[in-house]
Structures are given as C-alpha cells and as structure tokens.
Amino acid sequence: MYITIAEVIDKFPAQLIMNLLNDECVKTVDWNNPCDPLAKRLAGIISDAEKEVNGYLFGYTLPFQTPPSVLSVITLDVVLYYCYRRRMSNDIPGYIQKNYSDRIAFLGKVAEGKISLGNDTPDETRYFAVSYTDNNFLDY
C-alpha cells in the first residue's frame, strides 16, 4: 500500500475530495470509518490507483517491503485524477490531467527500464536512480 485515506485528506483539501465523491449529498464524512460511503469510495479509488501504478512495475518484486517514496507521490496524483474523472470526466482541470499524464509517463519509463525507482531494482547495473520533487497543489 502506497498511500492511505488520511494521506489523501492531508495532501488535498478534505472538502474537495468530499465534493468529488459525494453522490449521497451527505453533510459530513467520517474518513476513519470504513463503512462511511465516501470513505469506502475513496478506499476503492486508492486501490484502483495502486493497481494502475503496479501495472508498470512488472520488473520489481511486489509488494515492496519499503515502497519508494516516489510511488506515494504518483499514487496521490492518480487518486486525485480518478476522483475528478468520476465526477467530471469531460471537464477535468488541465493541471490535474497534466499531473496524471506526467506520472503515467514516468511510470512508462520505469517499465521500459529507463528510470529506476532507486531501490529493489531487478538489475542495478542496468538502471539509474532519479530524484523526484513533489509538486504542491495550491490552486483549488
């Protein structure tokens, strides 16, 4: 597991996530309650995002004992994209779409062996590690 519900809510405004997932028009959400419909929906989205990320990691032994931190950053952006896509599939903000596309392109290079995640590599002599800087989301 690369991220938790708490990390999503910590990274992105809780009200934004609530608005994107709130099919029931509830006024409150208990993100810590796995039976809460919005928390359950977000847990499913996180699971789907992690499956997409893992689809590019076929050269690695999964699950990681200690996942590279870049996977948390990537998964957070994929989760946000999935949240927007389910609510407004034809009107996803450009920066959300770009972040998602950039993360998938990065994973594509990992899958091609052009970029390493930096640990647990299948053949350390073939790969090189890159540093990665997280983008902050300020425009909500």
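## Briefing: rings, charges and core

Y81 is buried, with a relative accessible area of 10% (buried is under 20%, exposed over 50%, partly exposed in between, with a 1.4 Å probe and protein chains only). This is a predicted model, where local features need pLDDT of at least 70, side-chain atom pairs count only at pLDDT 80 or more, and totals for chains, interfaces and linings use all residues. Residues are numbered from 1 along each chain as its sequence is written, and side-chain values use heavy atoms, leaving out hydrogens and water.

**Aromatic rings**

- A ring pair here is two rings of Phe, Tyr or Trp (its six-membered ring) with centres within 6.5 Å; planes under 30 degrees apart are stacked, over 60 edge-to-face, and the rest tilted.
- That rule turns up three aromatic pairs.
- One of them is Y81 with Y82, a tilted pair with 6.2 Å from centre to centre and 55° between the planes.
- Y81 and Y82 are both buried.
- What makes Y81 and Y100 a stacked pair? Their ring centres are 3.8 Å apart and their planes sit at 10°, so they count as stacked.
- Y81 belongs to helix α4 and Y100 to helix α5, so this pair ties together parts that are 19 residues apart in sequence (helices are DSSP runs of H or I, at least four residues, and strands are runs of E, at least two, numbered from the N terminus).
- Y100 is buried as well, at 13% relative accessible area.
- Taken together, the ring pairs join Y81, Y82 and Y100 into a cluster.

**Salt bridges**

- Side chains of opposite charge can pair when their charged atoms come close.
- How many salt bridges does a search of the whole structure find? It finds seven, counting a side-chain nitrogen of Lys or Arg within 4 Å of a carboxyl oxygen of Asp or Glu.
- D23 bridges to R86, with the closest N and O atoms 2.6 Å apart.
- D23 lies in the loop between α2 (14–21) and α3 (37–54), while R86 is in helix α4 (residues 69–87), so the bridge ties together parts that are 63 residues apart in sequence.
- Both ends are partly exposed: D23 has a relative accessible area of 40%, and R86 has 33%.
- E24 pairs with R41, and here the closest N and O atoms are 2.7 Å apart.
- This bridge also links distant parts of the chain, with E24 in the loop between α2 and α3 and R41 in helix α3, 17 residues apart.
- E24 is partly exposed, at 36% relative accessibility.
- D23, E24, R41, R86 and R87 are linked in a network of salt bridges.
- D102 and K98 form a salt bridge too, with 2.9 Å between the closest N and O atoms.
- Both D102 and K98 are in helix α5 (residues 94–111), four residues apart, or about one turn of the helix.
- D102 is partly exposed, with 34% relative accessible area.

**Two threonines**

- T75 is in helix α4 and is buried, at 0% relative accessible area.
- Where does the side chain of T75 reach? It gets to the backbone oxygen of L71, at 2.6 Å.
- Leaving aside residues up to four places away in sequence, T75 touches Y2, I3, A49, E50 and V53 (contact means heavy atoms within 4.5 Å).
- T66 sits in the loop between α3 and α4 and is exposed, with 57% relative accessibility.
- The C-alpha atoms of T66 and Y2 are 9.4 Å apart, although the two residues are 64 residues apart along the chain.

**Nonpolar core**

- The largest nonpolar core has 41 residues, and L42 and L57 have the most contacts inside it (a core is a set of buried Ala, Val, Leu, Ile, Met, Phe, Trp, Tyr and Cys residues joined through side-chain atoms within 4.5 Å).
- Each of α1 (5–11), α2, α3, α4 and α5 puts in at least two residues.
- Which helix gives this core its largest share? That is α4, with eleven residues.
- L57 touches Y2, L62, F64, L71, L107, V110 and L117, again not counting residues up to four places away in sequence.

Key
A polar contact is a pair of N or O atoms within 3.5 Å; within protein, one must be able to donate a hydrogen and the other to accept it, and residues adjacent in sequence count only if both atoms are side-chain atoms.
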